[in-house]
Amino acid sequence: MSEVQYGDPAQMNALHDRAPGDQPAAPEEEKSSGVLIFTIGLFLAVILTATSFWVANTTLLWGPGIALGLAVLAIAQMGVHLVFFLHITTGPDNTNNVLALAFGILIVFLVVAGSLWIMGDLSNMMPSMSMPVR
Amino acid sequence: MNAIASDALRPELPLAVSEAGPAPKRIVVTYGFWVFILSDIVMFAALFATYAVLVHATAGGAAGSQLFNQVSVAVETGCLLLSSYTCGLMSLAINAKRHVATYAAAIATFVLGAAFLGLEIHEFADMIARGATPQSSAFLSAFFTLVGCHGLHVTVGLIWLAVMMAQVAAHDFTAAVTRRLLCFALFWHALDIIWICLFTFVYLMGVRP
């Protein structure tokens with residue numbers, strides 16, 4: 001099968017899901033919209049990164065809540081990267097990409113939460129909790 | 001191929017998905033690479049879980065709050081974020097088939113990625129010089145494995161980018177080359193997403209005593 005005909009992403013997106021990372025098919029006159037999307041993403045990412053560094057160093061915030069705040073900021077920034085840099089959207093031409101991503105997130109959650117849960121339980125059952133693991 | 005041809009003959013009739021035939025190679029290959037990236041992220045999840053379990057197992061040695069340098073981490077973060085941005089601009093230049101813009105964005109991406117890698121190597125060398133070697137505690141073993149694995153990915157990405165620019169110079173923007181460049185962009189953006197987790201959960205949470 002020749003692949004030369006498939007040079008134009010906009011043509012392919014009419015029938016199939018969009019390739020992950022591909023831009024949404026934009027009208028011809030809007031060539032600058034791609035730059036705008038990436039620039040908005042960069043702007044949001046810089047704000048979120050700067051906030052993370054500020055939150056980690058400030059004394060204004062309630063100490064025990066800082067870890068949770070940092071986690072929320074990190075998840076928000078990952079969302080910004082997925083939407084503005086990888087162009088993963090909820091659109092109908094993106095279903096397969098989103099489903100694969102959802103499955104990946106499920107496995108990541110199981111691996112991280114499961115490991116922490118089991119290993120936390122194990123260290124609670126250790127006779128001498130004050131001894132550091134070597 | 002038939003689907004496209006018949007679509008051109010009868011533009012008023014939209015094709016059903018069942019008649020559209022297999023997806024173009026660009027979509028199939030990129031989707032496969034997307035699944036690979038997700039599996040790579042699952043591998044990083046295992047390394048993150050290992051690190052989270054072992055982070056307090058310092059064996060009486062230095063903890064993260066004594067070892068991590070936030071300024072260095074902030075500069076590394078800026079380098080990688082900007083290189084992700086220039087990589088996005090490179091994708092736009094590739095879609096528009098603009099050679100000069102593609103090379104310029106690729107050089108910016110490469111320089112920023114190399115700066116990130118240089119800072120990370122410097123940071124590792126500094127830690128090892130202070131006696132915080134991977135062998136000295138379970139915490140440091142997990143740290144060097146996790147952050148080193150990300151650094152290894154960045155190294156592979158830099159080599160890949162150089163190879164792709166040679167391919168653009170040799171073959172121009174053929175379907176195969178643009179497909180590989182799209183996969184590279186996915187890889188590079190994914191590395192930045194993993195770095196978000198690294199600087200948040202390893203460094204920023206680690207510097208707090």
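**Exercise 1. Where does His87(A) lie in chain A, and is this residue buried or exposed?**

Solution. Start with the place: His87(A) sits in the loop that joins H3 and H4 of chain A. Helices are DSSP runs of H or I with at least four residues, strands are runs of E with at least two, and both are numbered from the N terminus. The model is predicted, so local features need pLDDT of at least 70 and side-chain atom pairs 80 or more, while totals for chains, interfaces and linings use all residues. Residues are numbered from 1 along each chain as its sequence is written, and chains are lettered from A and ligands numbered from 1 in the order in which they are written.

Next, count neighbours. His87(A) has 24 other C-beta atoms within 10 Å, so this residue is buried (buried: 20 or more other C-beta atoms within 10 Å; exposed: 12 or fewer; partly exposed: in between; C-beta atoms placed from the backbone). Last, the backbone: phi of His87(A) is near 55°, a positive value in a residue that is not glycine.

**Exercise 2. Find the loop of Asp172(B) and decide whether this residue is buried or exposed.**

Solution. Asp172(B) belongs to the loop between H6 and H7 of chain B. Its phi is also positive, about 65°, although Asp172(B) is not a glycine. The count gives 11 C-beta neighbours inside 10 Å, so Asp172(B) is exposed.

**Exercise 3. How many helices and strands does chain A have?**

Solution. Chain A has 4 helices and 0 strands. In sequence order the pattern reads α-α-α-α. Of the 134 residues in chain A, 26% are buried.

**Exercise 4. At what angle do H4(A) and H2(B) pack?**

Solution. Take the axes: those of H4(A) and H2(B) lie 9 Å apart, at an angle of about 15° (axes are lines fitted to C-alpha atoms, for helices over the stretch in contact; angles run from 0 to 180 degrees between N-to-C directions). H4(A) is therefore roughly parallel to H2(B) (under 35 degrees; over 145 is roughly antiparallel, 65 to 115 roughly perpendicular, the rest oblique).

Then list residues in contact (C-beta atoms, placed from the backbone, within 7 Å). On H4(A) they include Gly104(A), Val108(A) and Val112(A), and on H2(B) they include Leu38(B), Ala45(B) and Phe48(B).

Now widen the view to both chains. The contact takes 52 residues from chain A and 53 from chain B. On the chain A side, H1 (9-13), H2, H3 and H4 each give two or more residues. H4(A) supplies the largest share of that side, 12 residues.

**Exercise 5. How do the axes of H2(B) and H7(B) cross?**

Solution. The two axes come within 10 Å and cross at roughly 20°. H2(B) and H7(B) are therefore roughly parallel to each other. Among the residues that meet are Phe33(B), Ile37(B) and Phe48(B) from H2(B), and Leu186(B), Ile194(B) and Phe201(B) from H7(B).

**Exercise 6. Which residues have the most contacts inside the largest nonpolar core?**

Solution. They are Phe48(B), Phe184(B), Leu186(B), Phe187(B) and Ile194(B), in a core of 76 residues (buried Ala, Val, Leu, Ile, Met, Phe, Trp, Tyr and Cys residues joined through C-beta atoms within 7 Å). Among the helices that each supply at least two residues of this core are H4 (95-125) of chain A and H2 (25-54) of chain B. The largest share, 21 residues, comes from H7(B).

Finish with one residue. Leaving out residues up to four places away in sequence, Phe48(B) touches Val112(A), Leu146(B), Cys197(B) and Phe201(B).

Notes:
Two residues are in contact if their C-beta atoms, placed from the backbone, lie within 7 Å.
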